[in-house]
Amino acid sequence: MTISRVLTWDVTASNGYETAWAEVGDGDLRARGRAVGTVPEPYWVTYELETGPGYVTRRLRVTVDTAARTRSLDLRRGDGGGWTADGERLPGFDAALDCDLGLCPLTNTMPVLRHGLHRRPGERRLLTAWVSVPALTVRPSWQTYTHLGDGAGGTRVRFVSGDFRSDVVFDADGFVRDYPELAARLD
């Protein structure tokens, strides 16, 4: 069964908004989205995300427009685990299964769906290919997701990366509803 959703968030961390058109089915996710923000500078983002089986990232294409210039990134994960950015190999990312687009609540969906953390107890520590916005630099990021239980509006999952920590609320389909300090979905 395929689930198609249109999701819009008020992204407080960027003083902007994001809308994503997402399809989830048979263990994969496809999405395209657009975001506008004013922090750290005014920008416009467009992206396309494609995962393979188990919600493992295959490709993230991103374009960012600012007053100064347009940047693009084509981030890919090969079947064997190697990552490339614009065709150049990224060493140190082989263990990463996910990309994480900065200021984008949609990319928190893949690890939560893969491990069912929106439905059952568990904790997962994983490496991601984190992409900054608006600079589009890629760096490794260790992240931990911990199922906390049902709460108001959905299931709470604690997200920790470095010194940052937030108890994120996911809906029954595994999409972010409320991400304190980052974004809240507009329903």
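**Close-up views of the predicted model**

**View 1. The largest pocket and the residues around its centre.** In this predicted model, the largest pocket has 18 lining residues, and those nearest its centre are Asp 100, Leu 103, Trp 130, Phe 159 and Tyr 179. Its volume is about 320 Å³. Strands β9 (98-101), β11 (138-151) and β12 (154-161) each contribute at least two residues to the lining of this pocket. Of the contributing elements, β11 gives the most, with three residues. Sorted by class, the lining of the largest pocket comprises ten nonpolar, five polar and three charged residues.

**View 2. The largest cavity and its lining.** The search for cavities of 30 Å³ or more returns one. The largest cavity holds about 80 Å³ of space. It is lined by 14 residues, and Glu 18, Ala 35, Tyr 43, Gly 102 and Leu 103 are the closest to its centre. Two or more lining residues come from each of β2 (16-25), β3 and β4 (43-51). The largest share belongs to β4, which supplies three residues. By class, eleven nonpolar, two polar and one charged residues make up the lining of the largest cavity.

**View 3. The salt bridge between Arg 5 and Asp 173.** The closest N and O atoms of Arg 5 and Asp 173 are 2.6 Å apart, and the two residues form a salt bridge. Arg 5 belongs to strand β1 (residues 3-11), whereas Asp 173 lies in the loop between β13 (164-170) and β14 (176-179), so the pair ties together parts that are 168 residues apart in sequence. Asp 173 has a relative accessible area of 24% and is therefore partly exposed.

**View 4. The salt bridge between Asp 74 and Arg 59.** Asp 74 and Arg 59 form a salt bridge in which the closest N and O atoms are 2.8 Å apart. Because Asp 74 is in strand β6 (residues 70-77) and Arg 59 in strand β5 (residues 57-66), the pair ties together parts that are 15 residues apart in sequence. With a relative accessible area of 18%, Asp 74 is buried, since buried means under 20%.

View 5. A salt bridge joins the side chains of Asp 171 and Arg 185, at 3.0 Å from N to O. This pair links distant parts of the chain, with Asp 171 in the loop between β13 and β14 and Arg 185 in strand β15 (residues 183-186), 14 residues apart. Both partners are buried: Asp 171 has a relative accessible area of 5%, and Arg 185 has a relative accessibility of 10%. Arg 5, Asp 171, Asp 173, Arg 177, Arg 185 and Asp 187 are linked in a network of salt bridges. Across the whole structure, the search finds 14 salt bridges.

**View 6. A nonpolar patch on the surface.** Tyr 17, Val 36, Trp 44 and Leu 186 form this patch, and together they have about 370 Å² of accessible area. Val 36 is located in strand β3 (residues 28-37). Its relative accessibility is 34%, so Val 36 counts as partly exposed.

Terms used. Residues numbered from 1 in each chain as written. Predicted model: local features only at pLDDT ≥ 70, side-chain atom pairs only at ≥ 80, totals over all residues. Heavy atoms only, no water. Patch = residues over 30% accessible without salt bridge, like charges linked within 9 Å, V, L, I, M, F, W, Y side chains within 5 Å. Areas by Shrake-Rupley, 256 points an atom, 1.4 Å probe, with all protein chains shown as cover. Salt bridge = Lys/Arg side-chain N within 4 Å of Asp/Glu carboxyl O. Helix = DSSP H or I, 4+ residues; strand = E, 2+ residues; numbered from the N terminus. Buried < 20%, exposed > 50% of the residue type's maximum accessible area, 1.4 Å probe, protein only. 1 Å grid on protein atoms, 1.4 Å probe; cavity = no way out; pocket = protein on both sides within 12 Å on 5 of 7 lines; lining within 4 Å. Points joined across faces, edges and corners; volume = space filled by probe spheres on them. Nonpolar A, V, L, I, M, F, W, Y, C, P; charged D, E, K, R; others polar.
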